[in-house]
Amino acid sequence: MGIYYSVYHGYENTILKRIHYMEKLNYTTEEIEKYKQENRRFFAIRELEITDAISRKDYNKAIDVLKESKRLDVDYVEQTKNYCEQLIAIYDKLNMKEEYCKELEGYLIQYRQFDLKYYKMLKTEMTNEQKWSEIVDRIVEHNPCERLVCDVLQDEKRYEQLMCKIEQTSGNVELLDRYERVLRKNNPDKVIKIYDNRVNNSRDWSVIYMTTMSTKSGRVIKVVKQGEEKSTLTSSEQEMDIRAVAAVNAAINRAKVCKKPVAVYDKEKKAAYVEYANGERKYAE
């Protein structure tokens, strides 16, 4: 797409750089324009046209070039996403409601996003509940961003769908942590089951086989062995235990991904150690 990296100037677009030098070398307007037309396949040229049209308030021209660019750059997601955002802004400015809503719908169905900004913009325009429900269905079905889909389902109070979506997701514990408060009221058994599965499938969880331990204050705490939870703990205590273990494992996994040291207990040596990202272990003295 005409972009290269320079250690002195960072990322630069060779097309724009060429135009800059042509201007400094006093090329005629006709020569520069001819060069632009010959290189319209590069998005940088069309972005110049869009910027120029908007600055002159020639919004029809800007819309035409943006639509053309969406077709030409269809394989470049971030570029087409940017074109959509510009079209949405222009349609809103010109009060072109039909085009505005259509562009918003396409944007919400196709592109990743990490907040509900554009969703709320479209929802504000919707007066037909049935039509809005169908749009939400398409967003849920097609948008590639799991977090956005779950946020939409929560906002729409589609809690059963939200629960199903989380159950189908590989990182479901992390997603569940985000929506646990509302889902716990509607699907308590499924919430516990997801946390329970995470604990049972975890390779990092070590069980310490003790019966009691005493604190400095003299308080005695009972430590429950694995397999004794149901016979010893109340249902609320079991749920808290599952959530606590899942939270610990999630924290360990995040630390590993970020290449941070992790504290681990060696059951065979009965000693704690710190494991670094390079695999080095340092045991506590």
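Reply: Leaving aside neighbours within four places in sequence, Leu116 is in contact with Leu148, Asp151, Val152 and Asp155. The model is a predicted one.

Me: Where does Leu116 lie, and how far is Leu116 from Val152 in sequence and in space?

Reply: Leu116 is placed in the loop between H6 and H7. Leu116 and Val152 are separated by 36 residues in sequence, while their C-alpha atoms are 7.5 Å apart. Is Leu116 buried or exposed? Buried means under 20% relative accessible area, and Leu116 has 15%, so it counts as buried.

Me: What is the overall make-up of the protein chain?

Reply: The secondary structure comprises 14 helices and seven strands. Of the 285 residues in the protein chain, 35% are buried. Among contacts between residues at least 6 apart in sequence, 43% join residues at least 24 apart.

Me: Which residues are in contact with Trp132, leaving aside its neighbours within four places in sequence?

Reply: The contacts of Trp132 are with Tyr119, Leu122, Lys123, Met126 and Glu156.

Me: Which residues of helix H7 are buried, and what covers them?

Reply: In helix H7 (residues 117–125), the residues Tyr118, Tyr119 and Leu122 are buried. They lie on the same side of H7, because they cover an arc of only 105° around the axis. Their cover includes helix H5 (77–93), helix H6 (97–110), helix H8 (129–142) and helix H9 (146–155).

Me: What is the backbone phi of Lys57 and of Asn95?

Reply: Lys57 has a positive phi of about 60° although it is not a glycine. Asn95, also not a glycine, has a positive phi of about 60°. Lys57 is in the loop between helix H3 (43–55) and helix H4 (59–72), and Asn95 is in the loop between H5 and H6. Exposed means over 50% relative accessible area; Lys57, at 62%, is therefore exposed, and Asn95, at 53%, is exposed.

Me: How many salt bridges are counted, and which residue pairs with Arg40?

Reply: The count comes to 13 salt bridges. Arg40 pairs with Glu68, the closest N and O atoms being 2.8 Å apart. This pair links distant parts of the chain, since Arg40 is in the loop between helix H2 (29–38) and H3 and Glu68 is in helix H4, 28 residues apart. Arg40 is buried, with a relative accessible area of 16%. A network of salt bridges links Arg40, Glu49 and Glu68.

Me: Where do Arg184 and Glu180 lie?

Reply: Both lie in helix H11 (residues 172–186), four residues apart, about one turn of the helix. Arg184 is partly exposed at 36% relative accessible area, whereas Glu180 is buried at 8%.

Notes: Residues are numbered from 1 along each chain as its sequence is written. This is a predicted model: local features need pLDDT of at least 70, side-chain atom pairs count only at pLDDT 80 or more; totals for chains, interfaces and linings use all residues. Side-chain values use heavy atoms; hydrogens and water are left out. Contact means heavy atoms within 4.5 Å. Helices (H or I, at least four residues) and strands (E, at least two) are DSSP runs, numbered from the N terminus. Buried means under 20% relative accessible area, exposed over 50%, partly exposed in between (1.4 Å probe, protein chains only). The arc is that of the directions from the helix axis to the C-beta atoms. A salt bridge is a side-chain nitrogen of Lys or Arg within 4 Å of a carboxyl oxygen of Asp or Glu.
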